[in-house]
Amino acid sequence: RPRSSKGDGMTEVRHMKWWGWGNEGVAFEYRDKPDFAPFVQQAIGLDVTAPGVSVPEFDSLEVPESRLDDEFRTELEQIVGADHVQVDAMSRVVHTFGKSIRDLLRVRSGSLERTPDVVVYPGDEDQVQRLVHAAVAADCVVIPFGGGSNIAGSLEPAPDEERVVISLDMGRMNRVLEIDEESGLARIEAGALGPDLERELGKRGWTMGHFPDSFTHSTLGGWIATRSSGMQSDKYGDIADIVRGVRVARPGGVVEIRAIPSASTGPSVREMIVGSEGRLGVITEATMHVHRVPEVREILGYFFPNWKAGLAAMREIAESDASPTVTRVSDAPESAFSFATRKESKGIEAAGANALMRVLKARGWDLDQICLSFIGYEGSASHVRYEKKLVRKIVRRHGGFSVGKSPGRLYDQKKFDTPYIRDFLLDRGAAGDVSETAAPWSKLEHLYEHTIASARKAYDDIGVQGWIMCHLSHSYHAGACLYFTFAFMHGDEPLKQYDHVKSAIQQAFIDAGGTLSHHHAVGVEHAPWLSQDISPEGVALMQGLFDSADPKRNFNPDKII
Ligand code: FAD
């Protein structure tokens, strides 16, 4: 398992597998899901029952030598202590990439043109401050590292970077420092992983309500630096809404944005930091909205007769007095995928599901068009009752109905396991990934059709059998996020094929009036679409900000622009 920064008296910083998602020893299992193998066979022509390839031995990778010299190493050790300066190959490989399919394909095939030269683990803001000062004085590159879960190419050093590259891992700075109970604000160190900070808040009856699918392996600083969005954002907001105050270490000092509920202080520096992907300095801590843990938390499942009805219902819910925490509806292909990943059901449960399908068929539903939806409610028991009633009426108006708590409960339990499927597919020669966008309600249907058509054309171009499916997540007053998952059996040039399909999907978003990403950031992977998204003048403004804030391009250069 990846080695971490260990030493006397310090908490070990854990990392994900060097070659894939999540914890060593945890993997996706298909054998307890009887419909999964036939589904995948039909969708992308893959026989999942055939044995997968094994990941290469770490020692077989050719890892470039560290360029750190002894003198600078000593300087770093004087700041953070020798235990917290690591140059071994595993540490440097683990800190090279995020977890996009491009990243996983490269690391698995040993394409490691450039890794960081050293990984440092500061223990407090003063150390971060001294590290960035020393790094800029020595003209090094500093790449802040949270959980390493991004999927936009937000971490990788440029292949031709000649300066020393420092990965600044925030993992030791993981404490909830203070809760202002009167204001509902918590000061939290930037390196705190989702489970750590929710556990600490939960002990005192609070929650931040930010639960991205990557929750278990991503950090507060990473969420802020990538403009992340969690599953319950409809109620709690995206990270940009949750973060009120922030501290950022820069060579000249610490930028301190105090936690003010709302302010009229010119262009928002707080907003400049949100989404900055390490280019403006290192976020050391943030003051976040927190809420009392709700009395009731429920996720109900619903069926809609088709995608159009599901979309229309989500729009009407967003416009209504109901304010659910989650509004999610899958298209028919994604609903079929969800049914295929169910564990084997027996007895009454299986009989009930079969009977339901017979009734729907008798009522004229096309079973291939069924769309599965999850709607989440939180608050006092009476508030949840009221919201469920409002939603029930809207769902009915669009031909849908509730299928109760159990699908929602299952979804809630399994959502953090789903990411392991990507490794399972990669082991078997298939690439599966996600691309997401947001657009106004009036454009969503067209955007959906256009994206699906563009992906299919891209599959035809490269001659593969591909799959694409979608769900709506994160509803707003003016529109929503559409989240696409795609997969195909790749050939000998997986990266080239992947880039072709992913680019077609990204371009379809922009052409149909959507953004290049609703919550996965820009990195290097989405940068080609930035000027089409925010206009060349918008890019020039941003470039001006980076040039003046970081004239020698020491902070995570080449990301975003
Ligand atoms: P990292 O990957 O370590 O870093 C990301 C960027 O932030 C880098 O540019 C880094 O330099 C910068 N950074 C990190 N910490 C700091 C800091 N302290 N100061 C300055 N810059 C910093 N995202 C969502 O929003 N919602 C989801 O539901 C979601 N689901 C995902 C599911 C899977 C399976 C995967 C692989 C990814 C998912 N993501 C999701 C994407 C990813 O988890 C987010 O982008 C997350 O915010 C990254 O956080 P991290 O701590 O892992 O950051």
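## Charged surface patches

A patch is made of residues with over 30% relative accessible area and no salt bridge, where like charges are joined within 9 Å and nonpolar side chains (Val, Leu, Ile, Met, Phe, Trp, Tyr) within 5 Å. Lys and Arg count as positive and Asp and Glu as negative, while His and the chain ends are not counted. The place of a charge is taken as NZ of Lys, CZ of Arg, CG of Asp or CD of Glu. Accessible areas come from the Shrake-Rupley method with a 1.4 Å probe, and for residues only the protein chains shown count as cover. The structure is a predicted model, in which local features need pLDDT of at least 70 and side-chain atom pairs count only at pLDDT 80 or more, whereas totals for chains, interfaces and linings use all residues. Residues are numbered from 1 along each chain as its sequence is written, and side-chain values use heavy atoms, with hydrogens and water left out.

A patch of positive charge on the surface is formed by K389, R392, K393 and R396. Of these residues, K393 belongs to helix α14 (residues 381-397); helices (H or I, at least four residues) and strands (E, at least two) are DSSP runs, numbered from the N terminus. K393 has a relative accessible area of 52% and is therefore exposed, given that buried means under 20% relative accessible area, exposed over 50%, and partly exposed in between (1.4 Å probe, protein chains only). A patch of negative charge on the surface brings together D69, D70, E71 and E75. E75 is part of helix α2 (residues 70-80) and, at 36% relative accessibility, is partly exposed.

## Salt bridges

A salt bridge is a side-chain nitrogen of Lys or Arg within 4 Å of a carboxyl oxygen of Asp or Glu. The count by this rule is 35 salt bridges. One of them joins the side chains of R114 and D117, at 3.0 Å from N to O, and both R114 and D117 are buried. D32, K33 and K343 are linked in a network of salt bridges.

In another pair, R199 and D196 have their closest N and O atoms 3.1 Å apart. R199 and D196 are separated by about one helical turn, because they are three residues apart in helix α6 (residues 194-203). R199 is partly exposed, with a relative accessible area of 45%. A salt bridge also forms between K308 and E445, whose closest N and O atoms are 3.3 Å apart. K308 lies in helix α11 (residues 307-319) and E445 in helix α17 (residues 441-462), so this pair ties together parts that are 137 residues apart in sequence. K308 is exposed at 53% relative accessibility, whereas E445 is partly exposed at 35%.

Strands of a sheet pair through backbone hydrogen bonds, either parallel or antiparallel. Two strands are taken to pair if DSSP finds at least two bridges between them. V85 has V120 in β2 as its bridge partner.

## Hairpins

Strand β5 (residues 176-180) pairs with strand β6 (residues 185-189) in the antiparallel sense, over four bridges. Opposite I179 stands A186 in β6. The hairpin of β5 and β6 has four residues between the strands, and G184 takes a positive phi near 70 degrees there.

Strand β8 (residues 243-250) and strand β9 (residues 253-257) are likewise antiparallel, pairing over five bridges. β8 and β9 form a hairpin with two residues between them, and R250 has G253 in β9 as its bridge partner.

## Buried positions and separations

A439, in strand β16 (residues 430-440), is buried with a relative accessible area of 6%. The C-alpha atoms of A439 and W206 are 32 Å apart in space, and these residues are 233 residues apart in sequence.

Y30 is found in the segment before α1 (36-44) and is buried, with a relative accessible area of 12%. Y30 and V48 are 18 residues apart in sequence, and 8.3 Å separates them in space, C-alpha to C-alpha.
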